[in-house]
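Notebook open, structure loaded. I'm jotting down what I look up as I go.

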Amino acid sequence: MNPEETLALWQAEDTAIRARLQPTPGVASPAQIARRSGLQILEAISAGELPLPPMAGTLDFIPVHIESGYAVFQGRPDSSYYNPMGTVHGGWYATMLDTAMGCAVHSTLPAGKAYTTLELKLNLIRPLSEAVPLVRVEGRLVHGGGRVATAEGQIFGPDGKLYALASTTCLLFKPT
């Protein structure tokens with residue numbers, strides 16, 4: 001598939017996914033998530049049964065695909081995320097990667113277990129701007145332990161170019 005065809009496919013998927021998501025981001029109540037595994041929580045968000053977290057609304061990204069140990073998100077790197085040099089701020093890249101990698105970890109957790117990022121390392125490969133209307137962000141679990149998990153992630157465009165890569169270490173715990 002060429003870059004134009006890939007972009008058209010991503011745009012069509014974007015429209016279909018946004019149509020099923022809850023229109024207003026929010027935070028699920030403890031009762032809504034209490035008996036669900038991480039994968040079940042993420043599937044419920046993707047199905048529109050639970051709200052997207054507020055950060056997804058703020059930075060305009062959506063879940064595209066979630067399975068155990070793997071998460072794909074899609075975002076729009078538009079000018080509202082620009083730094084003074086006229087390119088997308090590194091914090092946008094970091095949040096997108098932290099989300100995908102964190103969800104890759106979250107998708108493997110049983111009900112009653114949570115995670116938080118302990119360490120995030122990222123390499124920005126090339127600048128993003130509105131010239132790239134959509135990007136995909138993949139997160140993959142590398143190691144899932146009892147107390148610590150690690151994951152890797154990357155951002156790429158419809159032309160297949162790599163824009164950033166990252167790794168994370170997450171602390172696994174029982175929320176209070």
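I read the fold order along the sequence first: the protein chain runs α-α-α-α-β-β-α-β-β-β-β. That is five helices and six strands, taken as DSSP runs numbered from the N terminus (helices H or I, at least four residues; strands E, at least two). The radius of gyration is 16 Å, close to the 16 Å from the globule rule for 176 residues, so the protein chain is as compact as a globular protein of that length. Here the radius is over C-alpha atoms, and the rule is 2.2 Å times the number of residues to the power 0.38.

Housekeeping: this is a predicted model, where local features need pLDDT of at least 70 and side-chain atom pairs pLDDT 80 or more, while totals for chains, interfaces and linings use all residues. Residues count from 1 along each chain as its sequence is written, and side-chain values use heavy atoms, leaving out hydrogens and water.

Next I checked contacts (heavy atoms within 4.5 Å). In the protein chain, 67% of those with a separation of 6 or more join residues 24 or more positions apart.

Cys103 is buried at 9%, and Cys170 is buried at 0%.

Last stop was Phe173, in strand β6 (residues 162–173). Phe173 is partly exposed at 31%.

Note on methods
Buried means under 20% relative accessible area, exposed over 50%, partly exposed in between (1.4 Å probe, protein chains only).
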